[in-house]
Amino acid sequence: MSRFLKENYKSLEVYTPGEQPKDGEYIKLNTNESPFPPAPAVVDLLTKQDVENLRLYSDPTLCTLKEKLAKLYGVEKENIFLSNGSDDILNFAFMAFGHNGALFPDITYGFYTVFAELHGVEYEEIPLREDFTVDYKDYLGRNKLIVIANPNAPTGDSRPLWEIEEIIKSNPDSVVVIDEAYVDFGGNSAYKLIEKYDNLLTVRTFSKSRSMAGARLGYAIGAKGLVEDLMRIKFSTNPYNINRLTCALGEATVDAEDYYTEKCKEIMSVREYTKEKLEELGFEVLSSSSNFLFAKHNKISGEKLYTELKSRRILVRHFTKERICEFNRITIGTLKQMDTMIDAIKEILKGE
């Protein structure tokens with residue numbers, strides 16, 4: 001780093017993204033991307049004119065896309081906030097609502113600690129229970145910014161809606177952010193609770209269930225006041241933070257809801273199939289409501305399994321945190337990809 005960097009940024013522990021290899025083809029089961037392309041209408045949408053129009057700024061209000069999302073979820077467009085990926089929204093949330101401190105689980109999305117430290121937010125990481133689930137009672141009446149991924153990553157656990165509501169209503173003077181990046185794979189969405197609570201912000205993404213990780217588009221469904229707060233920050237930083245092409249693709253994606261619903265069902269089916277196959281091989285596999293599985297085997301370390309699979313050009317995600325270092329997070333791909341991985345694991349376990 002240079003000698004010019006602001007002192008409080010020098011100790012930041014940055015988020016480490018999943019590997020994006022450049023040395024040939026891999027079966028990528030490490031970054032929770034969809035194995036399926038976008039809907040045909042999305043793939044065929046863009047024209048030469050769309051590219052030529054890149055000389056023009058995008059619509060900073062994103063009115064049409066907001067209206068489509070509002071209609072899909074039965075809310076008003078003033079309840080919708082759009083940004084450059086859901087990470088952007090989470091960043092804004094820590095910036096805007098973290099002045100009294102923040103709470104989130106100790107094993108969860110790694111960006112929460114990064115955002116907290118970036119904005120000087122004091123935070124507490126609350127340990128998951130022994131079974132790697134969130135205990136909602138740990139968050140009752142804390143009156144700090146509360147951020148919970150539901151379903152959680154990397155564990156895949158999803159808490160019932162009544163538990164989430166207990167957290168929201170017991171913290172009336174602080175914002176509760178429910179990160180629903182994986183909710184379309186069997187989770188329980190809290191967005192309808194915005195009708196009852198003015199402190200709820202649910203955060204979603206087009207990256208996972210909508211096959212648009214490379215487009216960078218996220219959205220929040222929240223109480224109107226919170227959306228206004230986020231809009232204030234957006235227009236104070238980068239009002240054109242969603243480009244014209246991504247906006248057009250997002251609108252077409254909302255119109256193709258049936259396609260994505262079917263693809264989510266297929267991923268969920270392959271997930272349960274893969275879980276069964278891994279358990280037959282002696283793995284402990286946590287229950288998951290996401291597009292990934294979290295698994296470990298008592299005959300091979302998590303790091304070694306990750307390395308052995310990588311040598312066979314199959315990528316999964318390994319974490320070094322002590323409590324979960326024996327686990328690997330496995331994104332659900334196509335049935336063919338999962339069978340290839342299972343065959344590779346069988347071969348690896350023969351050598352143990």
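**View 1. Helices α9 and α11 are roughly parallel to each other.** In this predicted model, helix α9 (residues 257–280) packs against α11 at an angle of about 10°, and the two axes lie 10 Å apart. Because angles under 35 degrees count as roughly parallel, the pair falls into that class. From α9, the residues Val270, Tyr273, Thr274, Lys277 and Leu278 take part in the contact, and they meet Leu335, Met338, Asp339, Met341, Ile342 and Ile345 of α11.

View 2. The strands follow the order β9-β10-β13-β12, and their pairing is antiparallel. At the edges stand β9 and β12 (317–318), each of which pairs on one side only.

**View 3. Serine 288 occupies the loop between β9 (283–285) and β10 (292–297).** With a relative accessible area of 9%, serine 288 is buried, because that value is under 20%. The side chain of serine 288 makes a polar contact with the side chain of serine 290, at 2.7 Å, and a polar atom of the serine 288 side chain also lies 2.6 Å from the backbone oxygen of phenylalanine 292. When neighbours within four places in sequence are left aside, the residues in contact with serine 288 are Gly156, Arg271, Glu272 and Leu293.

**View 4. Seven strands form an open sheet with mixed pairing.** The order of the strands is β2-β8-β7-β6-β5-β3-β4. Strands β2 (80–83) and β4 (123–126) stand at the edges with a single partner strand each, so that one side of each has no neighbour in the sheet. On average, and with direction ignored, neighbouring strands of this sheet are turned by 20° against each other.

**View 5. Strand β5 is mostly covered, with five of its five residues buried.** Leu145, Val147 and Ala149 point one way from β5, whereas Ile146 and Ile148 point the other way, and all are buried. On one pairing, strand β3 (residues 102–105) runs parallel to β5 and is joined to β5 by two bridges, with leucine 103 opposite isoleucine 146 of β5. The pairing of β5 with β6 is also in the parallel sense and extends over four bridges; here isoleucine 148 has isoleucine 178 in β6 as its bridge partner. Between these two strands the chain crosses from β5 through α6 to β6, and this β-α-β crossover is right-handed.

**View 6. The axes of helices α4 and α7 cross at roughly 105°.** The axes of helix α4 (residues 86–97) and helix α7 (residues 224–237) come within 10 Å, and their crossing angle makes α4 roughly perpendicular to α7. On the α4 side, the contact is formed by Ile89, Phe92, Ala93, Met95, Ala96 and Phe97, which meet Leu226, Asp229, Leu230, Ile233, Lys234 and Thr237 of α7.

**View 7. Helix α5 (residues 111–118) is mostly covered, with six of its eight residues buried.** The buried residues of α5 are Phe111, Tyr112, Thr113, Val114, Phe115 and Ala116. Among the elements that cover these buried residues are α4, β3, β4, β5 and β6. Just after α5, glycine 120 takes a positive phi of about 65°.

Technical notes: Residues are numbered from 1 along each chain as its sequence is written. This is a predicted model: local features need pLDDT of at least 70, side-chain atom pairs count only at pLDDT 80 or more; totals for chains, interfaces and linings use all residues. Side-chain values use heavy atoms; hydrogens and water are left out. Buried means under 20% relative accessible area, exposed over 50%, partly exposed in between (1.4 Å probe, protein chains only). A polar contact is a pair of N or O atoms within 3.5 Å; within protein, one must be able to donate a hydrogen and the other to accept it, and residues adjacent in sequence count only if both atoms are side-chain atoms. Contact means heavy atoms within 4.5 Å. Two strands pair if DSSP finds at least two bridges between them. Axes are lines fitted to C-alpha atoms, for helices over the stretch in contact, and angles run from 0 to 180 degrees between N-to-C directions. A crossover is right-handed if, with the strands pointing away from the viewer, the path from the first strand over the helix to the second runs clockwise. Angles under 35 degrees count as roughly parallel, over 145 as roughly antiparallel, 65 to 115 as roughly perpendicular and the rest as oblique.
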